[in-house]
Amino acid sequence: MRDVGLTVDPDTSVCETSPILLTASLKTPVATVRYQWPDGSDGATFAVAKPGLYPVMVTQQGCTYLDSVRVLPSGACCEVNLPAAFSPNADGVNDTFAVITGCSDIIQDTELLVYDRWGAVVFRTQDLARGWDGRVRGEPGLMGEYTW
């Protein structure tokens, strides 16, 4: 394959709530340029909402060129929330204190610690999917304020 100047956007990042548009172009396009993206679409642009590797095949005057763009998850759009309160009374509603996020797959090296009012650690986890159920050393904790 010879280089005819197929260019695609450089590797980039995306938030699933804000799709981006990838663009492919040739330095010397002619009227019969065909594009093909992973979903079969044939325009010069392609909307992307999720991280991944997106190849594009371009056909011009009987020659086929291939390039791709790697789209990474964006840490800038990762929201992390923790509740202001919870009620660990086993009623099935708001029973655990946990990190609420949709991006646990890109967050690394995490640790959640909960302290009692004297500064003693009553709960510790490095697993974002695991929340505190209000127990302290296996027994229901006292009602009150805890720091995380």
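**A quick tour of a strand-built protein**

Let's start with how the chain meets itself: if you take the contacts between residues at least 6 apart in sequence, 43% of them join residues at least 24 apart. Keep in mind that you're looking at a predicted model.

**How confident is the prediction?**

- The average pLDDT of the protein is 80, and 78% of the residues reach at least 70.
- Among the elements, strand β11 (residues 121-125) comes out with the highest mean pLDDT, 94.
- Strand β1 (residues 7-8) sits at the other end, with the lowest mean, 56.
- Over residues 1-6 the pLDDT is below 50, yet this stretch still has 18 contacts in the model beyond near neighbours in sequence.

- The protein has 148 residues, and 28% of them count as buried.

- Strand β6 covers residues 52-60 and strand β7 covers residues 63-73.
- These two strands run antiparallel, and nine bridges join them.
- For one of the pairings, look at Y54: its bridge partner in β7 is V69.
- Which residue of this hairpin takes a positive phi? That's Q61, with a phi near 50 degrees, in a hairpin that has two residues between its strands.

Definitions and conventions:
Residues numbered from 1 in each chain as written. Predicted model: local features only at pLDDT ≥ 70, side-chain atom pairs only at ≥ 80, totals over all residues. Heavy atoms only, no water. pLDDT = per-residue confidence, 0-100. Helix = DSSP H or I, 4+ residues; strand = E, 2+ residues; numbered from the N terminus. Contact = heavy atoms within 4.5 Å. Buried < 20%, exposed > 50% of the residue type's maximum accessible area, 1.4 Å probe, protein only. Pairing = 2+ DSSP bridges.
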